[in-house]
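Take a moment with the model below.

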Amino acid sequence: GRGWRREAAPSRMSAVPAPEWPRRCRQFCRYCVVGGGGVVVDMAVLHALVTGWGWPAVAGKLAAAQAALLNNFFWNDVWTFRGEGNASRAAGWRGRLGRLARFQAVCVAGIGLAAGTLHLLHGVWGWNLYLANLAAIGLATGWNFGLNAWLTWPARRRVESAPRAQP
């Protein structure tokens, strides 16, 4: 007889797509850690420009966001999305500059969203500058992660092997 072991039925498919969401959840958590560092950069630059140098809040926000953007690109490229989009990584610095250009394009819209939110919350409604800035950053985070995961660091096609029959 067959004993207590049961053999797996032969599969017609040699591989099945791996689920995306666990990997994307890990990436989003890493993206948020990197973003936390970006918040520190953003707040420090905003404080220096607005309080120290007398810049208008929105102009300071635009410069602060750009400084944070460069910081975040580096850490997302080497940590958050490490191993994604390997075709572009093969190009070395050219690949990295291409990803930076895509990251910048996506984030420019996020910076515009954040600057508009800062203006509304701080300039129109009178919120505290730093609380308004934190809200603006939070709003732009979802936008930036979603589009960058799709355009800047597209997922490699991952597959899991189908279960093998035991001898």
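The paragraphs below go from the overall layout to one helix and then to the cores.

This is a predicted model. The protein has five helices and two strands. From the N terminus on, their order is β-α-α-α-α-α-β. Of the 167 residues, 32% count as buried. The protein exposes about 10300 Å², and carbon and sulfur atoms supply 66% of that area. Now look at contacts with a separation of 6 or more: residues 24 or more positions apart account for 75% of them.

Next, find helix 4, residues 93-124. How far apart should its ends be? At 1.5 Å a residue, its 32 residues should span 46 Å. The end C-alpha atoms are 43 Å apart, which agrees. Helix 4 also bends, by about 25° at cysteine 107. Cys107 is one of the buried residues of this helix, along with others including Phe103, Ile111 and Leu121. After the helix comes glycine 126, whose phi is positive, near 75°.

Where do those buried side chains go? Phe103, Cys107 and Ile111 belong to the largest nonpolar core, which has 11 residues. Tyr31, Phe73, Phe145 and Trp153 are also among them. Helix 2 (57-80), helix 4 and helix 5 (129-152) each give two or more residues to this core. A second, separate core has eight residues, including Ala57, Ala64, Leu121 and Ala132.

Finish at tyrosine 31, a member of the largest core. Leaving aside neighbours within four places in sequence, tyrosine 31 is in contact with Asn76, Thr80, Phe81, Thr141, Asn144, Phe145 and Asn148.

Terms used
Residues are numbered from 1 along each chain as its sequence is written. This is a predicted model: local features need pLDDT of at least 70, side-chain atom pairs count only at pLDDT 80 or more; totals for chains, interfaces and linings use all residues. Side-chain values use heavy atoms; hydrogens and water are left out. Helices (H or I, at least four residues) and strands (E, at least two) are DSSP runs, numbered from the N terminus. The expected span of a helix is 1.5 Å times one less than its number of residues. The bend at a residue is the angle between axes fitted to the seven residues ending there and the seven starting there. Buried means under 20% relative accessible area, exposed over 50%, partly exposed in between (1.4 Å probe, protein chains only). A nonpolar core is a set of buried Ala, Val, Leu, Ile, Met, Phe, Trp, Tyr and Cys residues joined through side-chain atoms within 4.5 Å. Contact means heavy atoms within 4.5 Å. Accessible areas come from the Shrake-Rupley method with a 1.4 Å probe; for residues, only the protein chains shown count as cover.
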